[in-house]
Amino acid sequence: MLTFRLYLRLSGFYLCYFATLGVLLPYWGLYLLALGFDPARIGELIAIPQATKLVAPTLWGWLADRTGRPMRVIRWACLASALTFTGVYAVGGSYWGLLLTTLLFSFFWNAALPQFEAVTLNHLGEQTHRYSRVRLWGSVGFIAAAVGVGFLVQGWGVGIVPALLLALFIALWINSLLVAEAPLTRMIQASPPLGQVLRQPAVIALFAACFLNQAAHGPYYAFLSLYLETFGYSREAIGLLWGLGVTVEVGLFVLFPRLLLRFGPRQLMLAALALATLRWLLIGHFAGSLPWLLFAQTLHAFSFGVFHAVSIHLIHQFFPGTLQGRGQALYSSLSFGAGNAVGSLAAGYLWQGLGPAAIFDMAAALGALAWLTAWRGLRP
């Protein structure tokens with residue numbers, strides 16, 4: 001049963017985790033730019049946390065499923081991510097030093113969220129439709145960080161970004177100590193072999209669509225702030241634009257249980273991918289027009305919010321019982337890991353060669369391919 005105290009603790013973890021992301025995504029690229037790195041190097045450094053998602057969630061997911069103590073795994077991962085992030089202060093502006101530090105802290109940090117998704121769903125039991133009401137606090141944390149840090153950076157400079165991130169890593173670890181393990185009786189269910197699940201055409205189509213959609217988000221996450229600065233937007237305005245996208249996402253999380261019951265996962269995913277494709281075209285060619293940019297940012301509610309909620313719903317269905325940890329880990333690895341890494345890297349090199357608009361044209365093409373994959377593979 002989801003008590004109010006448990007709701008607060010689960011929500012608090014999402015709030016802290018995504019507040020960290022709300023600092024990393026809009027401002028880490030600006031911090032690296034201030035250190036003197038060019039777009040290609042920035043793309044490489046930003047791609048590293050995505051690349052570690054290829055390995056870390058699967059490894060830690062196996063460990064969590066093997067021990068049956070996912071919260072213990074999450075606590076150690078959160079503590080290790082905070083400790084290793086302190087290396088940022090030791091390496092200064094060294095590219096290789098930052099590369100190694102990013103590799104270490106992201107290996108542990110990326111282990112936490114997929115396992116916590118499984119913990120949340122196990123705590124919810126038969127009330128999995130309430131997941132979006134818990135997860136929306138992650139969006140609230142992202143908004144508060146993205147908007148608030150924008151004003152701090154404008155006044156104090158991007159040099160404060162590492163200190164803010166370290167404080168959030170510590171807060172995340174403290175919050176992980178407050179969440180209890182899910183009851184084992186909810187976790188022990190008959191589970192088919194993992195290979196059998198992975199061979200299902202619908203599962204293959206889901207993972208392919210997730211990879212393509214997150215690859216399309218790679219240019220957005222890695223370069224939106226730098227891109228908007230070329231149009232003369234201030235850093236406060238950039239923070240507010242990041243916050244706008246996630247604010248609308250919160251509203252969709254509140255409505256998602258009703259939308260899921262009315263339209264079903266396939267129709268919602270197709271709508272999300274179609275609107276995502278439109279969003280990248282608008283950002284790529286109309287970012288200089290504030291009304292069009294504001295409209296494009298509201299589409300984040302679909303390109304990420306609806307798509308992610310549907311994906312979590314389907315992963316929970318496709319990977320029952322003791323497969324839940326590995327199912328969430330595979331979702332994280334293939335989408336947020338491989339997808340974001342490929343998108344970020346490609347965007348960095350495309351920016352150098354063809355200019356910033358080209359990276360969002362690439363994103364639109366990937367979004368359209370993801371829609372086609374879901375349309376053909378996810379049958380009613």
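Reader: Which residues of helix 1 meet helix 12, and which residues of helix 12 do they meet?

Author: A contact here means heavy atoms within 4.5 Å. In this predicted model, Leu-25, Pro-26, Tyr-27 and Leu-30 of helix 1 meet Arg-235, Gly-239 and Trp-242 of helix 12. Sorted by class, the residues of this contact are five nonpolar, one polar and one charged.

Reader: How do helix 1 and helix 12 lie relative to each other?

Author: Look at the angle between the axes; over 145 degrees counts as roughly antiparallel. Helix 1 and helix 12 pack at about 150°, and their axes are 10 Å apart. The pair is therefore roughly antiparallel.

Reader: What does the model show for Leu-278 in helix 12?

Author: Helix 12 covers residues 235-286, and Leu-278 has its place there. Leu-278 has 35% relative accessibility, so it counts as partly exposed. Leaving out residues up to four places away in sequence, Leu-278 touches Phe-295 and Leu-299.

Reader: At what angle does helix 1 pack with helix 6?

Author: The angle is about 150°, with the axes 11 Å apart. That makes helix 1 and helix 6 roughly antiparallel. Their crossing is left-handed. On the helix 1 side, the contact includes Leu-6, Leu-10, Phe-13 and Tyr-14. The contact has 14 nonpolar, four polar and one charged residues.

Reader: How close do the axes of helix 1 and helix 8 come, and at what angle do they cross?

Author: Helix 1 spans residues 4-34 and helix 8 spans residues 161-176; their axes come within 9 Å and cross at roughly 165°. These two helices are therefore roughly antiparallel, and their crossing is left-handed. Among the residues of helix 1 in this contact are Arg-9, Gly-12, Phe-13 and Cys-16, and among those of helix 8 are Val-161, Pro-162, Leu-165 and Ser-176. The classes here are 16 nonpolar, four polar and one charged.

Reader: Which residues of helix 8 are buried, and what do they pack against?

Author: Buried means under 20% relative accessible area. In helix 8 the buried residues are Val-161, Pro-162, Leu-165, Leu-166, Leu-168, Phe-169, Leu-172, Asn-175 and Ser-176. They pack against helix 1, helix 4, helix 5, helix 6 and helix 7.

Reader: Why does Ser-176 count as buried?

Author: Ser-176 counts as buried because its relative accessibility is 0%. Neighbours within four places in sequence aside, Ser-176 is in contact with Phe-13, Met-71, Ile-74, Arg-75 and Cys-78. Met-71, Ile-74 and Cys-78 are among the buried residues of helix 4, as are Pro-70 and Phe-85.

Reader: How does the length of helix 4 compare with the span that 1.5 Å a residue would give?

Author: Helix 4 has 16 residues, which should span 22 Å, and its end C-alpha atoms are 22 Å apart, so the two agree. Helix 8 also has 16 residues; it reaches 23 Å from its first C-alpha to its last, close to the expected 22 Å.

Notes. Residues numbered from 1 in each chain as written. Predicted model: local features only at pLDDT ≥ 70, side-chain atom pairs only at ≥ 80, totals over all residues. Heavy atoms only, no water. Axes fitted to C-alpha atoms, helices over the stretch in contact; angles between N-to-C directions. Helix = DSSP H or I, 4+ residues; strand = E, 2+ residues; numbered from the N terminus. Parallel < 35°, antiparallel > 145°, perpendicular 65-115°, else oblique. Left-handed = near helix turned anticlockwise from the far one by under 90°. Nonpolar A, V, L, I, M, F, W, Y, C, P; charged D, E, K, R; others polar. Expected span 1.5 Å × (residues − 1). Buried < 20%, exposed > 50% of the residue type's maximum accessible area, 1.4 Å probe, protein only.
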